[in-house]
2 protein chains.
Amino acid sequence: MDNLLDLIAGVDPVTEKFAVETQRRLDNLTKPKGSLGVLEELAKRYVAIRNNISPKIKKKVVYIFAGDHGVTDEGISAYPKSVTSQMVKNFIAGGAGINVLARHAGVGVKVVDMGVDFDFEDDVNIIDKKIQKGTGNMTKGPAMRREEAIKAIQTGIELAGEYVNEGGDILGVGEMGIGNTTASSAIAAAITGFSVEDVTGMGTGITEDGWKRKVGVIKKALALNRPDPREPLDVLAKVGGLEIGGIVGIIIGGALGRIPVVIDGFISTAGALIAMELQPNIEGYLIASHSSVERGHKVILNRMGLKPLFDLSLRLGEGTGAVIGISLIEMGMKIYQEMATFEDAEVDRKL
Amino acid sequence: MDNLLDLIAGVDPVTEKFAVETQRRLDNLTKPKGSLGVLEELAKRYVAIRNNISPKIKKKVVYIFAGDHGVTDEGISAYPKSVTSQMVKNFIAGGAGINVLARHAGVGVKVVDMGVDFDFEDDVNIIDKKIQKGTGNMTKGPAMRREEAIKAIQTGIELAGEYVNEGGDILGVGEMGIGNTTASSAIAAAITGFSVEDVTGMGTGITEDGWKRKVGVIKKALALNRPDPREPLDVLAKVGGLEIGGIVGIIIGGALGRIPVVIDGFISTAGALIAMELQPNIEGYLIASHSSVERGHKVILNRMGLKPLFDLSLRLGEGTGAVIGISLIEMGMKIYQEMATFEDAEVDRKL
């Protein structure tokens, strides 16, 4: 625990050492100043995060953290719990939405089993980091013990460290876990102080009655466990999830390794919220890809001061928005590095 | 002229023949129904436009129409007129913003000289359709004669026809022409009835004084030429541009060939407005990629009933937003065609 907090303390703020030089280069390119808008902003962010005036984006991976949730016993999801392990197999086989979009964007997919309630075959291409087979039912007690939450975070940090050592340039975050919008809404309510109703959405597609039930379950879990909003680890342990802990960790690890972490929808943003509560310097390393349909997403993004790049009414998770975000960041960096300057192209400047 | 109107009358409305079947397939994929939002909508649009339940997207090209504007004599642009031909050479050399983004998206770039005031070398890779060396100064008389406007449209229609014959699957529209936001604002004001102030922006980056001057120039041109808002060809000829005529034509030609036309920012949307005024069935074939910073863009999009896919604060033109739009459409079609179904992947359905 002390080790973990020491590690987290080591996240440096993103510096603006190269800001003037980056802006000068962008303004020398054959286009009106600032006319590529957000793409130019993304190039500046990328240079600043990498702390390198001419960084490449070669290795791109989205990590999908998977885990089950004991709270599914309360009937809060539109899908049965079995879908978590079945979708993990779908990711491995390459047939899920994230696989299709990641292939399009040239992004690799890695699947991390943080706590799926299923025994996968040994030869299956999963990163096996199973801590336990799903969390406890948070309406009956804490989802995890504190040690498990810490272990989940440490696992994520280690994975990011290995990725950075292998030459990883940018990292996307995705997840799979039936019941994890319920956990994320509980985290959001606990930390932001917004009402459960304000941060609870329709998940994978529940009915209005299902939504009322879900809100009731979250309120019960919060009343029973009383997570301390000033203690992000307490919140994660009591009402979070194993895969959310992995997400917290990989975000911290990405920041430690000075690579940008592109978050996806509601669940990965809930993980990012915990990471930022632990270490505010994390903010500079986070890029919010999209604005999800899920109600609580905007609440958390506002709390964190993050503005998403686009809104395509996505609500699938898995990292699907994150890989589109990675593609936009890559476009920004290609603009920065591949466009001709006014001198190169012999184009006249502004009058 | 009669030929042209007969041709335009031949644009069929997009039919929904495959709508039920497409929706059924999307709903069978391993994701909650509708959870990929706009990407699913784009897949449905693509199938409907191609009138084919299983169409491919292989050949993708953005056409950049270039032309000069006599109204630049009035000092309405931040850049000298020479930049039109210089940027055309930059497109050919592959150093412009559109080249970088098109390469990223796997989209080809074709440059069409509709009326650049420059003699390019014969061996340069430009599609030479020069009608004349730029338009007339619309504060002194009409920008074009009616015959030139018609010829510009016919040129665009022919180019689209050739592209469809070569197996083109989707078409992006871009442009280059110093002074063409001035022409586009004049078109927007003439057709929509909004005030010149409401549809005139800062172009490539003029000052507040420059903006007032630009508004005055447009008002003068409209007062002198009195384009008839019920006659889109009259508007195009009197206050439009040669490259805008080419855009009108390629949009009509794309619709005739049943391929989607992805429009870019303010200028290509002004061309699309004229095309839709000529033939309302065009709407079904148009996909608006982004919402531009340029003030008049939203006014025209609203008038046309088009909702752009994203807003990245772009204002470069060239087709830069259009190629990002093409990439999103491709993602939607890959989702539709490459994702596993619940049966394939043995994933349990909704409870």
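Biologist: In what do the side chains of A:Glu338 and B:Arg103 meet?

Modeller: They meet in a salt bridge, with N to O at 3.2 Å. The rule wants a side-chain nitrogen of Lys or Arg within 4 Å of a carboxyl oxygen of Asp or Glu. Bear in mind that this is a predicted model, where local features need pLDDT of at least 70 and side-chain atom pairs count only at pLDDT 80 or more, while totals for chains, interfaces and linings use all residues. Residues are numbered from 1 along each chain as its sequence is written, chains are lettered from A and ligands numbered from 1 in the order in which they are written, and side-chain values use heavy atoms, with hydrogens and water left out.

Biologist: How do I read the interface itself, and how many residues does each chain bring to the contact?

Modeller: Look at contacts (heavy atoms within 4.5 Å) and at buried area (accessible area, 1.4 Å probe, that two parts lose on being put together, summed over both). Chain A brings 55 residues to the contact and chain B brings 55. Between them the chains bury about 4600 Å², with 65% of that on carbon and sulfur atoms. On the chain B side, B:Tyr79, B:His104 and B:Leu312 supply 14% of the area buried against chain A, more than any other three residues.

Biologist: Now inside one chain: which domains does the assignment give for chain A?

Modeller: Domain 1 covers 2–54 + 336–345 and domain 2 covers 60–330; such bounds come from an automatic or database assignment. Taken over C-alpha atoms, the centres of the two domains of chain A are 28 Å apart. Their contact joins 18 residues of domain 1 to 25 residues of domain 2. About 1900 Å² is buried between these domains of chain A, and carbon and sulfur atoms give 68% of it. A:Leu4, A:Val11 and A:Ile49 account for 30% of what domain 1 buries against domain 2, more than any other three residues.

Biologist: Where does A:Arg258 sit?

Modeller: In chain A, A:Arg258 is in the loop between helix H10 (242–256) and strand S5 (261–263). Helices (H or I, at least four residues) and strands (E, at least two) are DSSP runs, numbered from the N terminus. A:Arg258 forms a salt bridge with A:Asp12, whose closest N and O atoms are 3.8 Å apart. The rule finds two salt bridges across the interface of the two domains of chain A. A:Ile49 is 209 residues away from A:Arg258 in sequence, yet 5.8 Å away in space, C-alpha to C-alpha. Leaving aside neighbours within four places in sequence, the contacts of A:Arg258 include A:Asp12, A:Ile49, A:Asn51 and A:Tyr285.

Biologist: How do I read a pocket, and what volume does the largest one have?

Modeller: Rolling a probe the size of a water molecule over the atoms shows where empty space is left. On a 1 Å grid over the protein atoms alone, a pocket is an open set of points where a 1.4 Å probe fits, with protein on both sides within 12 Å along at least five of seven lines; lining residues have an atom within 4 Å of a point. Points are joined across faces, edges and corners, and the volume is the space filled by probe spheres set on them. The largest pocket has about 380 Å³. Its lining has 17 residues, and A:Val38, A:Arg45, A:Lys307, A:Pro308 and A:Leu309 are the closest to its centre. H3(A) gives the most to this lining, four residues.

Biologist: And where does the second largest pocket lie?

Modeller: Domain 1 (2–54 + 336–345) and domain 2 (60–330) of chain B both give residues to the lining of the second largest pocket, so it lies between them. This pocket holds about 320 Å³ of space. Of its 15 lining residues, B:Glu41, B:Leu42, B:Arg45, B:Lys307 and B:Leu309 lie nearest the centre. H3(B) supplies the largest share of the lining, four residues.
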